[in-house]
Amino acid sequence: MFKASVIFASAALCLFSLNPAQAAGKKANSSKLCSTQWSQFQTKLQDGDNRLAFQNPAGPLGIGLCWWHSRMQRNANYLLDFKPSEKRASDAEVWTLIKGLTKSNAVQVVKGYKNLQDFSSVYSDKMAETLGQWQLAESFLQMGFLHGIGSNDVSSSSLQKTMDALYAEVKVKKNVPFQMLKMGGVATHAWLVTDMTKNRGGGYTLQIIDSNVPWSLQTYEYVPGMTQFSYNLMSSSNYNFVPYTQHESDLSSYQSALKRYCK
Amino acid sequence: MKLKYGAFILALFGAVILLQKPSARSAKKESVAPEAAPAVSLLQKSQGSQNTGIKSVVEADEKVKSLSAADTTVVESRQAGAVSTSAPAQKPATPSQEQVTDWAIDLGKSMLEAIHNPEHSFKMFDKLQKCVEDAGQVEVYRAICAANLKRLSEKFPDRFAQKYSSAQLSFDEKIRTFLAQANTNF
């Protein structure tokens, strides 16, 4: 039984290490995106050139767009194929492209730009506007949703379980999880986890991208026994929260989109 | 010989089924579409319509196309209710989250222009106000219009502060709560 589990786990790992075109058993599209192994999307995001050039804006409600900034950041990391030598798209095409970044189901080609930093520094106003409208659309439809989403202080065993599961997501599945950070009341934040290391005694060090400081990678250390995180999100004071992984289905959407695109 | 004959009959039977399926499928779609069609697709359809009632609502101004389209939805859904004799007038179909997001982003294009162009900001304010005050409009669209209306009035208080305070009177409780959200995300 144990042997069978090991074999199954190994097979799963092998599948994750294949690039999407290879997994589909077809001749690979020659683009850089298609030659990116699934695990390399983590390291790709660790490079500042592949991150958004602007930080979490206030948005139309004046309450920040951290969730949507992080989601657009992740969508762009998996689903944009940059072709710097090709002619740049028109404004109308760029709008369509940016609108597409609110979805997780299709690869899009960005002509005339070498990376996300390059593209988003030119179109930061359009992207920020899109994030704002995306927030309005989702916030109204999900009003009250945050009240029941979870606590900002849990038992130490529950947080340990959450961290162990997150480690498997990051180190075994090689995913970039999106985490909603639940604070007191309805206050929340979000971050993307790009790497994790296991520390002695069951703790972990998380490498994260915080939309408030997208130009640098942050780290946070989890120590067993904690019942919540305490982290300096803005500038002066620390915020206490519990992280919850969300939007997991986007990752399988990325895989399907890459398979289709990289035929 | 028997086998060959059997295979031929099976193949013939299969071909008949294959030929019938597409039409059966489309017939099924047609019977579902009028009720299940989301608001946004209704808008798109009506833009190409020859119906003068609808046409009068559709604005020529391309920049505010998305809002005009929203107006059109209401007209079309009301007309559907008016001609129906057997069933009561139905509320507009609830659009999916993705449809609402797409609609809002299209609205965002006009908002960005309105923020940078004074002349366009006046037109935009009027369009947004119409959208908010339209009781037949789908609630989520009204809320998005309200949020953008508030945004315009804050951006240009000299132009719109007064108009906005009177427009606010038409906001229902849910929209007020939505706009009152503060300090929830960082």
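Among the elements of chain B, which helix has the lowest mean pLDDT and which the highest? In this predicted model, the lowest value, 26, belongs to helix α3 (residues 52-57) of chain B, and the highest, 94, to helix α5 (residues 97-116) of chain B.

Chain B as a whole has a mean pLDDT of 62, with 47% of its residues reaching 70 or more. Over residues 10-91 of chain B, pLDDT stays under 50; for this stretch the model has 69 contacts beyond four places in sequence. The scores of the model are ipTM 0.82 and pTM 0.74.

| Helix | Residues | Number of residues | End-to-end C-alpha distance | Expected span |
|---|---|---|---|---|
| α9(A) | 249-261 | 13 residues | 18 Å | 18 Å |

Just after α8(A), A:Lys174 adopts a positive phi of about 60 degrees.

Helix α9 of chain A likewise reaches a length close to the expected value. Buried within α9(A) are A:Asp250, A:Leu251, A:Tyr254, A:Ala257 and A:Leu258. Viewed down the axis of α9(A), these buried residues fall within an arc of 120 degrees, and therefore line one face of the helix. Residues three or four places apart in an α-helix point the same way, because there are 3.6 residues a turn.

Notes: Residues are numbered from 1 along each chain as its sequence is written. Chains are lettered from A and ligands numbered from 1 in the order in which they are written. This is a predicted model: local features need pLDDT of at least 70, side-chain atom pairs count only at pLDDT 80 or more; totals for chains, interfaces and linings use all residues. Side-chain values use heavy atoms; hydrogens and water are left out. Helices (H or I, at least four residues) and strands (E, at least two) are DSSP runs, numbered from the N terminus. The expected span of a helix is 1.5 Å times one less than its number of residues. Buried means under 20% relative accessible area, exposed over 50%, partly exposed in between (1.4 Å probe, protein chains only). The arc is that of the directions from the helix axis to the C-beta atoms. pLDDT is the predictor's confidence in each residue, from 0 to 100. Contact means heavy atoms within 4.5 Å.
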